[in-house]
Amino acid sequence: MSSWLDYTINGLILGNVYALVAVGLALIFGVSRLINFAQGSIYLVGAYVGWVAVVALRTPLFVTIVLVAAIAALVGLIIERFGLRPLQNSVRIAPLLATIGISFVLDQIVMLTFSPNPRALPSQLPDIRFQIGTGTIGPLDILIACIGITSALLLFVFLRYSKLGWAVRATAQDRDAAMQMGVDVNRVNQAVFGIAAALGGLSGMLVGMYYNQIDTAMSLHATLKGVVAEVVGGAGNVPGAVVGSLLLGLVESYGVAVFGTSYRNLFAFLLLIVVLVFRPNGLFASAKQAPPEPLTGTFIAPSRPVHIPRWALLVAFAAFALLPFLPVSSYVLQTLINAWLFAMLALSLTLVAGTIGLVSLGHAALLAIGAYTSALLSLDFSVPVSMSIICGGLMSAALGTLLISPSFRLRGHYVSIATLAIGEIISLVILNWETVTHGPIGVSGIPPLSLFGFELVGVASIYWFSFAVMVLLALLQVRLLGSHIGRSFRAIRDDDVAARAYGLSLNRYKALAFIFGGFAAGVSGGIAAHLYSYINHETFNTQQSILALTIVILGGLGNVAGAIAGSVALVGLPEVFRIAAEYRILIYGIVLLLLVRFRPQGLLGTI
Amino acid sequence: MGAEIEKSTNAAVVRHASLLSLRGLTRRFGGLTAVDDIDLDLAEGELVSIIGPNGAGKTTLFNLVTGLDRPDGGEVRLDGVPITGFSPEKLAGRGVARTFQLGRVFGNLSVMENVLIGAHTRLRAVKPATPLIGPLLELGLALLRPAAVRAEEEQLREEVRGILARFGERLLPRIDQPAYSLSYANRRRVEIARALALKPRLLLLDEPTAGMNPTETTEMQGLVAELKAGGLTILLIEHKLDMVMRLSDRVIVMDEGKKIAEGAGEDVRNDARVIEAYLGHGLSQPAAAARETAA
């Protein structure tokens, strides 16, 4: 049994590690008002560079540290130069999406190079513990504390006494004024990304050594933890990020002490949601601030949707409806069933992210709610499957809207963070609420799809069923977009301040968007559950959220036909070309990056 | 119909009382007092202009009146009812409409849709006031679209065409074009059309002629004069003094958050403090000279 002092030391050490990530995020946010979702990937790169150095090259510790910091900084510079600088004058959503794309590309490259299996990362330090009062401390703890404090001091000196440091602070305070005074903003961005990446890489290496294990799933959680710490401290506030990190470390450490390890991440995300809702400017922001700058039409690219003639839509509909009569293999039909299920998710996301402008990164959680509701209702309460799927949709609509509603007053990047966190919370609740969700073993033996008591046997009937449901949801969505509600959604997306000045309640319409979108996603999840017959807390994961987002961007934000076409393209084409599963996410990431760079309005245009 | 009766009776009752009244309105940003203890009364049907150098606090004052910002002190009353700190959506429901200094049209919405948003607070058939389940009913009605809902939408569209016709051939030919494709001047016009669609009792115009050439300015001046003649109560922020002098019943001059002068146009123009405020730091000497030559 460890003592409280142990938990405190553990919390502070963890906090130190988070601080290395969070400080980088704060610096980047400060100068470019961007939350860098790729920060966790640099952390991952740092961990694996550390592994190569320690295990393969057997470098001494000091050299390892220098090597990790240098390579991570290089990756940061490359991201800044080739990923973000070309987007400087584009819409605000572009850099956000770019960092998401970069993050997926980097993670996949690391995974393809090193395999997803966990590896041990020895710390090279003697395994001894020093007794302090009732607790103990090891050499690695001291190393982490030293690196944390040294980095903080170096950063302080840099920002305070160097010319480039002044430029960074000036840019953070007022970018335009700094540019007019001759500050080279590109150099500032470079410096900031380099520093942030070096710190992030070191953090990854230290965490790997701390747990003596690294794996490719570290990336997303590092980003999330760093963002939590940064937001708690106040976005862009460097000292705030340090304090936020230490607080997060302590909250987690005590939380684990009281409730157990499987709840670890829950506390981080709950802390984030609480802070976002009650103090969206962070714990240390002054209460009064000038009203935010107008975002008029700058978040989403303006564009005219591509007009598709009615006959073309009818021909496409007929072709897909008649497909099972043609001599096609059941493999093709199965692929398309998958595409239709994704299309429902994409319809949901294109409404929420595209039409009303809440870029959700945790959308797969809505699938999970629908899937679990439908599966458990049909299993435990013998509800007919078609009814349970509808209940899944309704539950997803209700619960999803309820959970996201505290975040309705947030804008831009903050919505993305909140949805990401809520997605993780849902997955953690499913994992831990064993009495209802069966916990980590998942739900098996889910009854197959049936309609009016007739089981849908054969791939053709399942194909028609999923296709029909998808088309129905799409038609409903088109009808919604054509109503005053669709108009109101788009007005809120384009300029929420002007929308409010004309009597549009943001809460009301954001809730309606989530209710409608939640239903579509829940139905998709419900169908999937009965199709797979087994689900667990990992069936619906972030990769699906990101795929859905890529589909939505590809098709054009808010564009119903685009969401469907995008699903067929991104789910179907990799099958057609037999691309191995592990390369697909890499391809999705690259597609996302190319779209953001060259056609941000998507193939069919924003509606 | 009912609304019209209500409006005419209101007008009769409060003819002499003020529609909008501000008392001691104050807003501070850190060390800066952007709006400093402002009193103002606006009678029904009156047009009052607020002038002053850049940074005098005019737009902040508008934000306080329309609920986009909350005052640190003082009170706003509409029709004698305190509305201080009300949300913008609530104020829109009470007939307060505004345009924005920098132009805030909905870029991806067509001209028609932009102006229809202005009529949002007047939707009745599709937005039942039922508590709790109101939003769900609204969703259902939007999807089902019974005859009453379709009729309401059609009537509003007709009305929007009427409003757009007031701008001559400026907007009507572009009715289905997205607002981002419009010229700067046309965006300003769309904003005013959107404000009119609300059927406002109080209209706040924030530099409606900014960025317009002399012809367009004259056109806009004519429109504002028409609105005033129609009995609309207007609070106007404007830099073009010619227009201010022609249109206003009264002029208020602000500088550094304070009201430094108030009265009829000519009196204000010759007020020593006003001249100092403008020439002292509002306008540089060459600009003032240029103004002289232009006049």
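Which residue in E2(B) is the bridge partner of B:Phe29? In this predicted model, for which local features need pLDDT of at least 70, side-chain atom pairs count only at pLDDT 80 or more, and totals for chains, interfaces and linings use all residues, the partner of B:Phe29 in E2(B) is B:Leu32. Residues are numbered from 1 along each chain as its sequence is written, while chains are lettered from A and ligands numbered from 1 in the order in which they are written.

The pair B:Phe29 and B:Leu32 belongs to an antiparallel arrangement in chain B, in which strand E1 (residues 18–29) is joined to strand E2 (residues 32–43) by 8 bridges. Helices (H or I, at least four residues) and strands (E, at least two) are DSSP runs numbered from the N terminus, and two strands are said to pair if DSSP finds at least two bridges between them. The hairpin of E1(B) and E2(B) has 2 residues between the strands, and B:Gly30 takes a positive phi near 60° there. Most residues other than glycine have a negative phi. Against that background, B:Arg145 has a positive phi near 50° although it is a residue other than glycine, and B:Lys199, likewise not a glycine, has a positive phi of about 50°. B:Arg145 is found in the loop between H5 and helix H6 (147–165) of chain B, and B:Lys199 in the loop between helix H7 (184–197) and strand E7 (202–206) of chain B. A residue is termed buried if 20 or more other C-beta atoms lie within 10 Å of its own, exposed if 12 or fewer, and partly exposed in between, with C-beta atoms placed from the backbone. B:Arg145 is partly exposed because 16 other C-beta atoms lie within 10 Å, and B:Lys199 counts as partly exposed because it has 18 C-beta neighbours inside 10 Å.

Chain B also contains an open sheet of 6 strands with mixed pairing, in the order E6-E7-E8-E3-E9-E10. Its edge strands, each pairing on one side only, are strand E6 (96–98) and strand E10 (258–263) of chain B, and the twist from one strand to the next averages 20°. E6(B) and E7(B) are paired in the parallel sense over 3 bridges, with B:Leu203 in E7(B) as the bridge partner of B:Ala97. Helix H2 (residues 58–65) of chain B packs on this sheet, where it touches strand E3 (47–51), E6, E7, strand E8 (233–237) and strand E9 (250–255), and its direction makes about 150° with that of E7(B). Such angles run from 0 to 180 degrees between N-to-C directions, the axes being lines fitted to C-alpha atoms, for helices over the stretch in contact. Two residues are in contact if their C-beta atoms, placed from the backbone, lie within 7 Å.

The contact between the chains takes 35 residues from chain B and 33 residues from chain A. On the side of chain B that touches chain A, helix H3 (88–93), helix H4 (111–118) and helix H5 (134–144) of chain B each supply at least two residues. The residues of that side divide into 19 nonpolar, 8 polar and 8 charged, where Ala, Val, Leu, Ile, Met, Phe, Trp, Tyr, Cys and Pro count as nonpolar, Asp, Glu, Lys and Arg as charged, and the others, Gly among them, as polar.

Chain A has 24 helices and 6 strands. Its radius of gyration, taken over C-alpha atoms, is 24 Å, close to the 25 Å that the globule rule (2.2 Å times the number of residues to the power 0.38) gives for 607 residues, so chain A is as compact as a globular protein of that length. Buried residues make up 55% of the 607 residues in chain A. The domain assignment, of an automatic or database kind, gives domain 1 (4–278) and domain 2 (329–598) in chain A, with C-alpha centres 31 Å apart. Between these domains, 30 residues of domain 1 are in contact with 30 residues of domain 2. H4(A) gives the most to the side of domain 1 that touches domain 2, with 13 residues, and the residues of that side divide into 25 nonpolar, 4 polar and 1 charged.

A:Pro305 lies in the loop between H11 and helix H12 (310–322) of chain A, and it counts as buried because it has 20 C-beta neighbours inside 10 Å. Leaving aside neighbours within four places in sequence, A:Pro305 is in contact with residues including A:Gly556, A:Asn559 and A:Ile607.
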